[in-house]
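Hello,

Here is the structure I promised to pass on to you. Have a look at it first, and then read on for what turned up.

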Amino acid sequence: MNTPSTTPRQPGPGRAEESGQDLESLLIRVARGDHAAFEAVYDQLAGPVYGLVRKVLRDPAQSEEIAQEVLLEVWRAASRFDPARGSATAWVMTIAHRRAVDRVRSETASARREQKVLPGPVSGDDVAELVEASLDRQRVRRCLGTLTPLQAESIKLAYYGGCTYPQVAELLGLALGTVKTRIRDGLIRMRDCMEVTR
């Protein structure tokens, strides 16, 4: 089925009659592919659809684009209109409102993504600090991997988990002296490892 032109045209013979028909019967004809009925629907609703979309979007160019999409959706989806569920105008305006809100959400999400991807200006010092911090994290991870499981777990609980030595001992079910020894030995191995990998 060809999509009819959505450019407004001046009323011609027979068009004045069609524009006087109620929208419900026009939409039923549009659902059957009646171009003249669609033109009558377009003439009646193009202005109100654009007005509603413009209130939501505010940008004239985007509002025009969305209004055209709404009217094309009316052409394609006219068979889904159910007069028992509401008026033709309400059905079309619901489509328009939904499309406009979807565009706002899309634009907002896009702006958020750009803000995440494009942080503010970064100085050379900031870059150096970021690189150094990243390298330090990699060294720490690598050096933690050289410890015994008990040493690594004790250090993670104490330094990353914020636990006191007695809490670490309780969590691991070990004597406090054992935990202190494991952490001390682990930190010595970490220090040696960090110096070697610098």
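Which residues does leucine 27 touch, not counting residues up to four places away in sequence? Before the reply, please keep in mind that this is a predicted model. The partners of leucine 27 are Val41, Val74, Ala78, Phe81, Ala88 and Trp91.

As background, nonpolar side chains in soluble globular proteins tend to be buried together.

Next, the aromatic rings. The count comes to three aromatic pairs. In one of them, phenylalanine 38 and tyrosine 42 have ring centres 6.3 Å apart and planes at 50 degrees, so this pair is tilted; the angle falls between the 30 degrees below which planes count as stacked and the 60 above which they count as edge-to-face. Both residues sit in helix α3, four residues apart, which is about one turn of the helix. Phenylalanine 38 counts as buried because its relative accessibility is 0%, and tyrosine 42 is buried too, with a relative accessible area of 5%.

Phenylalanine 38 also pairs with tryptophan 75, and here the geometry is edge-to-face: 5.4 Å centre to centre, with 70 degrees between the planes. This pair links distant parts of the chain, since phenylalanine 38 belongs to helix α3 and tryptophan 75 to helix α4, 37 residues apart. Tryptophan 75 is buried, with a relative accessible area of 3%. Through ring pairs, Phe38, Tyr42 and Trp75 are linked into a cluster.

Finally, the surface. Where is there a nonpolar patch on the surface? One is formed by Val127, Val131 and Leu135, which together have about 230 Å² of accessible area. Leucine 135 is found in helix α6 (residues 124–144). With 37% relative accessibility, leucine 135 counts as partly exposed, because that class covers values between the 20% limit for buried and the 50% limit for exposed.

Best wishes

Technical notes: Residues numbered from 1 in each chain as written. Predicted model: local features only at pLDDT ≥ 70, side-chain atom pairs only at ≥ 80, totals over all residues. Heavy atoms only, no water. Patch = residues over 30% accessible without salt bridge, like charges linked within 9 Å, V, L, I, M, F, W, Y side chains within 5 Å. Areas by Shrake-Rupley, 256 points an atom, 1.4 Å probe, with all protein chains shown as cover. Salt bridge = Lys/Arg side-chain N within 4 Å of Asp/Glu carboxyl O. Helix = DSSP H or I, 4+ residues; strand = E, 2+ residues; numbered from the N terminus. Buried < 20%, exposed > 50% of the residue type's maximum accessible area, 1.4 Å probe, protein only. Contact = heavy atoms within 4.5 Å. Phe/Tyr/Trp six-rings, centres within 6.5 Å; stacked < 30°, edge-to-face > 60°.
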